[in-house]
Amino acid sequence: MSAKIDRQHRDSIAVEDCEIIANEAWPGNQWRLRLRSSTIAARALPGSFVHLRCDPELPMRRPMSLMRAEAGVIEMLYKEVGHGTRLLAGKKPGENLNLIGPIGRGFTPVPERPFNLLIGGGVGIPPIFFFAHHLQRNPPPGSDADSILVLLGSELPFPFATRPAQTPVPGAVQDPTLIDGAAMRDLDEKAIASRLASRSGFEGCHFGHVGDLARLWLDGLDRTWRDRVAIHACGPLAMLEACVALAHQYDLPCRISLEESMACAVGGCAGCTVRIRKGTGVTMQRVCVDGPVFDGRCVVFQSELRNEDASPTNSSPLVDKTL
Amino acid sequence: MTPDPHDRRSLRTDFCGLAFDTPLVLLSGCVGFGEEYTRIEGFSNRDAGAICLKGTTLHPRLGNDPPRVRETPSGMLNSIGLQNPGARAVIDEILPRLDFSETRFIANLSGSTVEEYADLARCFDDSPIDAIEINISCPNVRAGGVAFGNDPEMSQRVVEVCRKETSKPLIIKLSPNQTDIASNARGCIEAGADALAVVNTFMGMAIDVESRKPLLGAGQGGLSGPAIKPMALLKVHQVYRVAKPHGIPIIGQGGIVSAEDALEFMIAGASAVGIGTALFYDPLVCVRINEGLVDYLKRHRIDGIDRIVGTLESKDR
């Protein structure tokens with residue numbers, strides 16, 4: 001065969017049995033799961049995820065993003081929402097879980113945008129936390145020590161320790177929450193600026209959506225400052241749509257991490273595809289291996305579909321040939 | 001001398017003139033266009049005798065609205081809706097990237113009219129593909145698919161027109177959602193089928209009781225996984241009785257997750273067995289099943305896997 005065959009994708013995802021170090025309950029049926037891992041921990045990048053067998057009795061795995069991956073340990077956050085996560089919540093330290101991973105294209109800095117605004121909501125917080133640490137350790141060209149701002153939102157109690165912020169928020173800040181609100185302790189201790197938002201009235205948190213808090217911060221910046229910013233977000237769809245709207249309003253690049261029901265997680269079943277604009281048409285892309293992080297301004301949200309003809313058309317330049 | 005556990009010579013089988021290294025066939029819709037699972041470390045296309053590529057239509061299709069997959073007790077529902085880049089792209093851009101020395105590749109074709117089936121068969125006849133599987137059983141499209149597969153006359157017409165267009169082995173994938181699968185199988189054989197795939201998914205649905213809405217974007221989907229195994233096994237048994245006199249082999253499929261499951265299907269009459277949903281649970285399942293089959297043959301002192309096909313003993317013997 002004359003065509004050059006690209007085989008780089010082969011053997012890129014490991015299958016690993018991982019021992020549970022801790023499976024820790026937080027308020028609101030939220031759990032933090034720490035596992036011993038050699039291969040996946042060594043290969044994981046921010047925004048990549050694992051496909052986890054919650055219990056040998058279940059026919060399907062569950063995709064979970066990584067909160068951290070270092071020194072032979074990986075950590076995830078999950079919410080107990082159904083049968084699978086309920087079984088997972090019953091697992092004890094010492095038991096093994098079977099994982100495949102790391103999977104997917106994660107968060108990367110945007111060229112010419114040294115300042116990264118990271119926005120996370122609910123169980124979408126983990127990859128944002130991972131990316132913040134990664135950016136601090138691997139600062140993109142032109143960025144300084146304080147070129148990261150992490151804004152996190154949750155209606156449930158935050159599944160991590162918080163404290164009154166000591167790390168100041170960069171930029172021209174006027175809003176009281178941004179000046180001296182609460183921060184995620186882990187990030188604050190490492191001098192990464194973070195602030196919190198919730199409509200549940202938690203102390204030190206901005207009362208409202210996390211997207212509103214992002215808007216307050218962006219509003220305080222002058223044009224030159226803003227032109228250095230890129231948005232990276234992970235969370236519920238409504239939050240992601242709000243982030244994309246902000247990106248449009250301020251003309252900022254915006255990368256968002258998507259979630260979809262998933263069967264294989266290796267690109268084989270087309271169960272997790274989303275619609276992505278490409279040129280004048282729409283292509284179907286798989287959240288698992290083409291994502292989970294996409295250019296937010298190209299994502300076709302379900303709310304948009306309801307307003308247009310959603311039926312498949314033969315004329316659409318469907319390009320799904322990336323394996 | 002201890003036999004080599006990796007020696008799989010006893011699993012080699014001839015299927016419609018194609019040399020399969022093992023009787024395992026990776027099923028259409030589960031493994032994309034043949035390269036996706038090679039991402040998994042330890043997975044090899046060589047662990048399967050053949051791979052059925054993703055269902056392909058004449059023109060590109062975006063597929064159904066999400067959610068497209070849903071776990072159910074011992075199984076899953078899917079309603080992908082034949083998302084694919086269209087026959088031309090598959091032949092021109094995907095087939096050249098496959099390594100045909102690793103396994104046999106089978107195209108899976110789906111039309112919304114009889115003419116489209118004929119066009120598709122003609123396109124793929126002029127391609128390096130090893131065999132053609134005609135999908136007259138997709139439960140997730142409005143036109144064609146299962147609507148053809150549940151109508152014996154239409155099934156026969158589709159097979160007839162495809163037969164005229166190709167000399168490649170022609171496999172007909174039958175729907176379990178019909179009253180008399182055996183007589184439909186007989187019709188397909190008379191119309192020129194070389195082999196039968198038994199069975200596609202069973203139609204099903206799931207509802208979110210809080211919102212009272214269907215849990216799949218398309219409202220309904222196809223059920224697969226261990227939940228359907230006993231039903232699929234019976235269908236294979238029924239079809240084998242009409243296919244055997246014609247020497248027409250069957251790819252038995254439906255919820256196979258272990259060597260024992262695979263053996264059940266082969267004893268019931270399948271010459272090869274399909275692996276689909278099991279991959280989602282265990283991407284290395286083929287290695288495990290192949291080992292189990294080799295071990296079984298050794299224990300029963302049988303020198304080739306094809307010797308067990310259709311060896312079901314009657315209860316009273």
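**Aromatic pairs, a barrel and an enclosed helix**

B:F20 is buried, with a relative accessible area of 1%. In this predicted model, B:F20 is joined to B:F15 in a stacked aromatic pair, with 5.2 Å from centre to centre and 15 degrees between the planes. B:F15 likewise counts as buried, at 1% relative accessibility. The cut-off for the term is a relative accessible area under 20%.

The secondary structure of chain B consists of nine helices and 16 strands. Its radius of gyration is 19 Å, close to the 20 Å given by the globule rule for 317 residues, and chain B is therefore as compact as a globular protein of that length. The C-alpha trace of chain B spans about 60 × 50 × 45 Å along its principal axes. Of the 317 residues in chain B, 64% count as buried. Among the contacts in chain B with a separation of 6 or more, 72% come from residues 24 or more positions apart.

Several of the strands of chain B belong to a barrel. Eight strands of chain B close into this barrel, in the order β3-β4-β7-β8-β9-β10-β15-β16, and their pairing is parallel. On average, neighbouring strands of the sheet are turned by 30 degrees against each other, direction ignored. One example of the pairing is given by strand β3 (residues 24-26) and strand β4 (residues 50-52) of chain B, which pair in the parallel sense over two bridges. Here B:V25 stands opposite B:A50 in β4(B).

The loop between β4 and β5 (69-72) of chain B holds B:K54. Is B:K54 buried or exposed? B:K54 has a relative accessible area of 7%, so this lysine is buried. Leaving aside residues up to four places away in sequence, B:K54 touches B:S28, B:G29, B:G32, B:F33, B:I80, B:L82, B:Q83 and B:N108.

Further along chain B lies helix α7 (residues 259-268), which is largely enclosed by the rest of the structure because seven of its 10 residues are buried. The buried residues of α7(B) are B:A259, B:D261, B:A262, B:L263, B:F265, B:M266 and B:A268. Against which elements do the buried residues of α7(B) pack? Their partners in chain B are the helices α6 (229-243) and α9 (285-299), together with the strands β15 (250-252) and β16 (272-275). Both of these strands are also listed in the barrel. Just after α7(B), B:G269 takes a positive phi of about 130 degrees.

The aromatic residues deserve a wider look. A search of the whole structure finds 11 aromatic pairs over all chains. In one of them, the rings of A:W31 and A:Y78 have centres 6.3 Å apart and planes at 10 degrees, so the pair is stacked. A:W31 lies in strand β2 (residues 30-36) of chain A and A:Y78 in strand β5 (residues 73-79) of chain A, so the pair ties together parts that are 47 residues apart in sequence. Both A:W31 and A:Y78 are buried.

Elsewhere in chain A, ring pairs link A:F115, A:W217 and A:W225 into a cluster.

Conventions: Residues numbered from 1 in each chain as written. Chains lettered and ligands numbered in written order. Predicted model: local features only at pLDDT ≥ 70, side-chain atom pairs only at ≥ 80, totals over all residues. Heavy atoms only, no water. Buried < 20%, exposed > 50% of the residue type's maximum accessible area, 1.4 Å probe, protein only. Helix = DSSP H or I, 4+ residues; strand = E, 2+ residues; numbered from the N terminus. Contact = heavy atoms within 4.5 Å. Phe/Tyr/Trp six-rings, centres within 6.5 Å; stacked < 30°, edge-to-face > 60°. Pairing = 2+ DSSP bridges. Axes fitted to C-alpha atoms, helices over the stretch in contact; angles between N-to-C directions. Rg over C-alpha atoms; globule rule 2.2 N^0.38 Å.
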